[in-house]
Amino acid sequence: MENNTAAARENSRQPSAHDLDVLSRQLGRPVRDVVEIPARCVCGNPLVAATAPRLGNGTPFPTTFYLTHPVITSAVSRLEATGVMNEMNGQLAEDDQLSAAYRSAHEAYLAARDAIGERSGIGAVPEIAGVSAGGMPTRVKCLHVLVGHSLAAGPGVNPLGDEALVRIREWWTADRCYCDGAWDSTGEAPSKDLSRHGPQGLPGIVGRPAPVRKSATATEAPE
Ligand SMILES: [Zn+2]
């Protein structure tokens with residue numbers, strides 16, 4: 001029985017071709033270097049993607065857990081817009097118990113990333129040893145990262161990710177499916193051929209020249 005459960009968990013972690021298609025639609029861009037699906041909607045669609053700690057092009061990649069479901073992503077953006085990160089940083093400065101738990105979350109993040117690196121055959125990535133994400137271990141800089149970690153790890157691991165999940169309850173809860181209409185499921189998914197233009201988690205614009213703006217004044221301006 002226990003073995004069956006472990007096997008089921010193992011299977012649900014493996015990204016299927018369908019999962020990768022859904023991820024590309026959720027994000028509106030092709031994904032790459034996704035090695036596991038650590039959290040799923042009750043319907044089975046991915047909520048969080050785990051990216052390899054080293055990308056296929058060799059780049060070390062510290063942000064392991066990436067929130068992909070548009071309903072949760074926008075709920076967390078709304079929460080961030082309320083200034084809750086300042087509030088949480090204040091709590092971290094004042095509450096020793098919370099700051100210790102948050103430091104433990106950072107350690108858990110690193111351990112989970114090491115385990116993913118091991119399972120995916122990538123092994124240790126010394127360039128990012130001790131570096132987690134989202135501002136951990138002492139600051140809160142991105143709630144999407146903390147919520148992604150909480151969903152991947154389950155409750156009780158990341159106190160501030162858990163807190164953020166409580167605060168978005170009005171817009172998203174784990175017990176319901178919010179997938180219907182949340183992304184474009186018609187036509188082709190964003191092309192996998194474009195994936196070389198930017199690793200997941202980085203803006204596609206990185207490395208591209210800035211767009212040239214042409215205007216009457218620009219053409220008349222001296223060099
Ligand atoms: Zn769903």
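The legends below walk through several close-up views of this protein.

This is a predicted model, in which local features need pLDDT of at least 70, side-chain atom pairs count only at pLDDT 80 or more, and totals for chains, interfaces and linings use all residues. Residues are numbered from 1 along each chain as its sequence is written.

View 1. Helices (H or I, at least four residues) and strands (E, at least two) are DSSP runs, numbered from the N terminus. Along the sequence they follow the pattern α-α-β-β-β-α-α-α-α-α-α. Of the 223 residues, 35% count as buried; a residue is buried if 20 or more other C-beta atoms lie within 10 Å of its own, exposed if 12 or fewer, and partly exposed in between, with C-beta atoms placed from the backbone.

**View 2. Helix H4 (residues 84-94) has buried Met85, Met88 and Leu92.** These three cover an arc of only 60 degrees around the axis, which puts them on the same side of H4; the arc is that of the directions from the helix axis to the C-beta atoms. On the other side of H4, Asn86, Glu87, Gly90, Ala93 and Glu94 are exposed. The buried residues of H4 pack against helices H3 (70-81), H5 (96-119), H6 (143-153) and H7 (159-167), where contact means C-beta atoms, placed from the backbone, within 7 Å.

**View 3. The largest nonpolar core holds 43 residues.** Such a core is a set of buried Ala, Val, Leu, Ile, Met, Phe, Trp, Tyr and Cys residues joined through C-beta atoms within 7 Å. Val48, Ala49, Val76, Val147 and Ala164 touch the most other members, and H6 gives the most to this core, with seven residues. Leaving aside neighbours within four places in sequence, Val76 is in contact with Leu67, Leu143, His144, Val147, Ala164 and Ile168.

**View 4. Helices H6 and H7 meet, with axes that cross at roughly 95 degrees.** The axes come within 8 Å; they are lines fitted to C-alpha atoms over the stretch in contact, with angles from 0 to 180 degrees between N-to-C directions. Here Leu143, Leu146, Val147, His149 and Ser150 of H6 meet Leu160, Gly161, Asp162, Ala164 and Leu165 of H7.

**View 5. A cis peptide bond joins Met136 and Pro137.** Its omega is about 10 degrees, and Pro137 is found in the loop between H5 and H6.

**View 6. Asp33 sits in the loop between helix H2 (17-27) and strand S1 (34-40).** Phi of Asp33 is near 60 degrees, a positive value in a residue other than glycine. Asp33 counts as buried, with 21 C-beta neighbours inside 10 Å.

Technical notes. Two residues are in contact if their C-beta atoms, placed from the backbone, lie within 7 Å.
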